[in-house]
Amino acid sequence: MNTMTRRDTLTGLAAGTIASTVALEAEAQTAPAAPVDRRPRTYDLIGQAAPATDLARFGGGRLTQADFLGKTTIVQFWGIWCPDCLADVDDVAELNRLIARDRKLQFIGIHTRGRYGRWGGLAPFFAEKGYRFPVAIDDDSAAYKAWSIKWVPSFVIVGKDGIIRDYTTDLKAGSGIGVQGLLDRAKAVAKIKGRA
């Protein structure tokens, strides 16, 4: 016959609950923390004119302020030293291919920070990967700073009037919006009436 009283049973249950709680707290302290997503969700320059820009273009020519007038422009800040940028590069090539079909849109990549990883420059990178899209060179990060970029890759959509209208990071990484998502946003900006 079982001689445990109701009080003994409740005491045992309470002790088991306390032990379980202590075990869970200990596990939580030793478990690795979830990675922190530091991608910016806002952009300080929305509604302002695109910053003054004068950069050498890969392959010749200059990227200047005048290039941001007349067409809606997707500007990507990126670098081949950046893992998230490399994850997006196939999508960027596809984005550029799709934009080439639309007379109201254009694309320019701005390679920043002057780091080229194992390739040593853009020419070997593009040759190895077979990509072709327009890129300006920002080795001293002056444009990166002027445009208040805090994350790469960053995509800034400049209206045909030269006003910054939209911003996002990453096409694939994080909560990336993908090629079609970015293209849809650029097309929406292209419909905004403004001075041109």
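## Pairing of strands E4 and E5

Strand E4 (residues 105-112) and strand E5 (residues 135-138) run parallel to each other and are joined by four bridges, where two strands count as paired if DSSP finds at least two bridges between them. Within this pairing, His111 has Ile137 in E5 as its bridge partner. Helices (H or I, at least four residues) and strands (E, at least two) are DSSP runs, numbered from the N terminus.

The model is a predicted one, in which local features need pLDDT of at least 70 and side-chain atom pairs count only at pLDDT 80 or more, while totals for chains, interfaces and linings use all residues. Residues are numbered from 1 along each chain as its sequence is written, and side-chain values use heavy atoms, with hydrogens and water left out.

## The sheet and the chain as a whole

The protein chain contains five helices and seven strands, and along the sequence these follow the pattern α-β-β-β-α-β-α-β-α-β-β-α. An open sheet of seven strands, with mixed pairing, has the order E2-E1-E5-E4-E3-E6-E7. Strand E2 (62-64) and E7 stand at its edges with a single partner strand each, so one side of each is left without a neighbour in the sheet. From one strand to the next, the twist averages 30 degrees; for such angles, axes are lines fitted to C-alpha atoms, for helices over the stretch in contact, and values run from 0 to 180 degrees between N-to-C directions.

In the protein chain, 40% of the 196 residues are buried, a term that means under 20% relative accessible area, with exposed meaning over 50% and partly exposed lying in between (1.4 Å probe, protein chains only). The protein chain exposes about 11100 Å², of which carbon and sulfur atoms supply 55%; accessible areas come from the Shrake-Rupley method with a 1.4 Å probe, and for residues only the protein chains shown count as cover. Among contacts (heavy atoms within 4.5 Å) with a separation of 6 or more, 73% are between residues 24 or more positions apart.

Helix H5 lies across E3, E4, E6 and E7, and runs at about 175 degrees to E7.

Strand E7 is mostly covered, with five of its six residues buried, and five bridges join this strand to E6 in an antiparallel arrangement. One of the residues in this pairing is Ser154, whose bridge partner in E7 is Thr169. The hairpin of E6 and E7 has five residues between the strands, and Gly162 in this hairpin takes a positive phi near 85 degrees. Thr168 is placed in strand E7 and counts as buried at 12% relative accessibility; apart from residues up to four places away in sequence, Thr168 touches Ser154, Phe155, Ile177, Leu182 and Arg185.

## The nonpolar core

The largest nonpolar core has 50 residues, of which Ile74, Val75, Phe77, Trp78, Phe133, Trp147 and Val156 touch the most other members. Such a core is a set of buried Ala, Val, Leu, Ile, Met, Phe, Trp, Tyr and Cys residues joined through side-chain atoms within 4.5 Å. If neighbours within four places in sequence are left aside, Phe77 is in contact with Ile110, Ala143, Tyr144, Trp147, Ile149, Val152, Pro153 and Ser154. In soluble globular proteins, nonpolar side chains tend to be buried together.

## Salt bridges

A salt bridge is taken as a side-chain nitrogen of Lys or Arg within 4 Å of a carboxyl oxygen of Asp or Glu, and by this rule there are eleven salt bridges. One of them links the side chains of Arg39 and Asp170, at 2.7 Å from N to O. Arg39 lies in the loop between helix H1 (6-30) and strand E1 (54-57), and Asp170 in the loop between strand E7 (164-169) and helix H5 (178-190), so the pair ties together parts that are 131 residues apart in sequence. Both Arg39 and Asp170 are buried.

Another salt bridge joins the side chains of Arg97 and Glu94, at 2.6 Å from N to O; both residues lie in helix H2 (residues 83-99), three residues apart, about one turn of the helix. Arg97 is partly exposed, with a relative accessible area of 39%, and Glu94 is also partly exposed, at 29%. In the salt bridge between Asp161 and Arg165, the closest N and O atoms are 2.4 Å apart; Asp161 counts as buried at 7% relative accessibility, whereas Arg165 is partly exposed at 28%.
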